[in-house]
Amino acid sequence: MKAYKGVVENGVVVIVGGRLPEGTVVTVTVGEGELLRARITNVLKRPRKVRVRLKPTPGLAMEGMAMEGLVQSGPGGILGSDD
C-alpha cells in the first residue's frame with residue numbers, strides 16, 4: 001500500500017505527484033483538522049446569498065374573494081354585515 005497526496009477539485013480527488021492506472025480502486029482518508037479547515041475556507045469564499053421577501057398584496061386576495069361572492073365590493077364590505 002502506498003500513500004499519495006491529493007486535492008479535491010470540483011468534487012473529484014486529483015492526485016498530486018503521481019499517476020495511477022485507470023480503474024484503480026482507492027481509499028481516501030481525510031484528517032479531521034484538514035476537513036474542518038476546508039469547510040471554513042469554503043464558507044468564507046462562497047458568495048453571499050441575497051434573500052428577497054415578497055409581501056402578499058391584499059388587493060388581489062380581496063379581488064378573488066369578491067369574484068366568488070364572499071365579499072361585496074363598495075360600501076358595506078363583508079357579506080352579511082348589517083349596515
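**The whole chain**

The mean pLDDT is 76, and 67% of the residues reach 70 or more. Where pLDDT is low, the predicted coordinates should not be read in detail. Next, display the secondary structure: the protein has two helices and two strands, which follow the order β-β-α-α from the N terminus. Of the 83 residues in the protein, buried ones make up 1%.

Select residues 32-45, which form helix α1. This helix has 14 residues and reaches 20 Å from its first C-alpha to its last, close to the 20 Å expected at 1.5 Å a residue. Helix α1 is hardly covered, for the count of buried residues in it is zero. Then select residues 58-68, helix α2. Among the elements of the protein, α2 has the lowest mean pLDDT, 65, while α1 has the highest, 86.

**The loop between the strands**

Move to β1 (5-9) and β2 (12-16), and select Asn 10, in the loop between these two strands. Although Asn 10 is not a glycine, its phi is positive, at about 55°. Is this residue buried or exposed? Asn 10 counts as exposed because its relative accessibility is 82%, above the cut-off of 50%.

**The largest pocket**

Finally, turn to the open space in the model. Rolling a probe the size of a water molecule over the atoms shows where empty space is left. The largest pocket holds about 800 Å³ of space. Select Tyr 4, Gly 6, Val 13, Val 28 and Thr 29: of the 24 residues that line this pocket, these are the closest to its centre.

Which elements each supply at least two residues of the lining? They are β1, β2 and α1. Of these, return to helix α1, which gives the most to the lining, with five residues.

Terms used. Residues are numbered from 1 along each chain as its sequence is written. This is a predicted model: local features need pLDDT of at least 70, side-chain atom pairs count only at pLDDT 80 or more; totals for chains, interfaces and linings use all residues. Side-chain values use heavy atoms; hydrogens and water are left out. Helices (H or I, at least four residues) and strands (E, at least two) are DSSP runs, numbered from the N terminus. The expected span of a helix is 1.5 Å times one less than its number of residues. Buried means under 20% relative accessible area, exposed over 50%, partly exposed in between (1.4 Å probe, protein chains only). On a 1 Å grid over the protein atoms alone, a cavity is a set of points where a 1.4 Å probe fits but cannot get out, and a pocket is an open set with protein on both sides within 12 Å along at least five of seven lines; lining residues have an atom within 4 Å of a point. Grid points are joined across faces, edges and corners, and a volume is the space filled by probe spheres set on the points. pLDDT is the predictor's confidence in each residue, from 0 to 100.
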